[in-house]
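Have the viewer open as you read.

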Amino acid sequence: MIEGAATVFNEVGYRSAVISAISRAAKITPGGMYHYFDSKEDIAQAVLDEFEARWSVVPERAPEDSPLGMLISMTLRQMQRLHKDRIVRAGFRMTFEPGTLPTPNTSFAEQWLASVAAVLVDAREAGELTSDANADEIAWTIVSGFVGTYTLAETIGQHANLLSRMEAVLAGALREHLDPDHRDRVLTALRYSVAAISDTDA
């Protein structure tokens, strides 16, 4: 049922989705749908809950790991997951499309910003970023760049180069804040990560 609902929410948005279309996509009668959910809003919340469960959280990092390497890999894989997973796409659309939900899903965006900023603080403490790098501002640039990149690709139907476009967002957000001793390594890791994740799609 969640997969079917996600298909409809992703195709037409929350406001235009109707129970009859959701039940057809879920291969269940409208009466059967109401056996599990009281309203369209409840169905949407179930999709959002599954979306957040599938969206990767910041993993535990071993002391020898690179914080920026982890952030780069995590961000690129989130973009890949968003492109491939219909539940993630539907949840993302409902979260970031203005005026979509009766109760906006602001907590997800706030938690995403906070998790990215936390990794950037780790990167600054590890010496990968300069001591004056503002983690909150860089996190805002990365998250807003991610949302904008995917939203524009959806709007104009051009998804072929999402990872390389996200590479440009990450490089632009990080480059001027990278410590000179780590700059070449981090930017090289970014290029290799894009190539490696792209290869998994082949």
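## Confidence first

pLDDT is the predictor's confidence in each residue, on a scale from 0 to 100. This is a predicted model, so local features need pLDDT of at least 70 and side-chain atom pairs count only at pLDDT 80 or more, while totals for chains, interfaces and linings use all residues. Residues are numbered from 1 along each chain as its sequence is written, and side-chain values use heavy atoms, leaving out hydrogens and water.

The chain averages a pLDDT of 88, and 93% of the residues score at least 70. Confidence is lowest in α3, with a mean of 80, and highest in helix α9 (residues 162-174), at 95. Where pLDDT is low, the predicted coordinates should not be read in detail.

## Overall layout

There are ten helices and zero strands here; helices (H or I, at least four residues) and strands (E, at least two) are DSSP runs, numbered from the N terminus. The C-alpha trace spans about 65 × 35 × 30 Å along its principal axes.

Of the 202 residues, 44% are buried, where buried means under 20% relative accessible area, exposed over 50%, and partly exposed in between (1.4 Å probe, protein chains only). Take contacts (heavy atoms within 4.5 Å) between residues at least 6 apart in sequence: 69% of them join residues at least 24 apart.

## The core and Phe9

The largest nonpolar core has 65 residues, and Phe9 and Leu120 have the most contacts inside it. By nonpolar core we mean a set of buried Ala, Val, Leu, Ile, Met, Phe, Trp, Tyr and Cys residues joined through side-chain atoms within 4.5 Å. Helix α8 (residues 135-156) gives this core its largest share, nine residues.

Who does Phe9 touch? Leaving aside residues up to four places away in sequence, its partners include Ile22, Ile43, Val47, Ala90 and Met94, along with Lys40 and Arg93.

## Around α2

Ile22 brings us to helix α2 (residues 19-26), whose buried residues are Ile19, Ala21, Ile22, Ser23 and Ala26. Those buried residues pack against α1 (2-16), α3 (30-36) and α4 (40-54).

## A glycine to look at

Gly69 sits in helix α5 (residues 67-84). Gly69 is partly exposed, at a relative accessible area of 29%.
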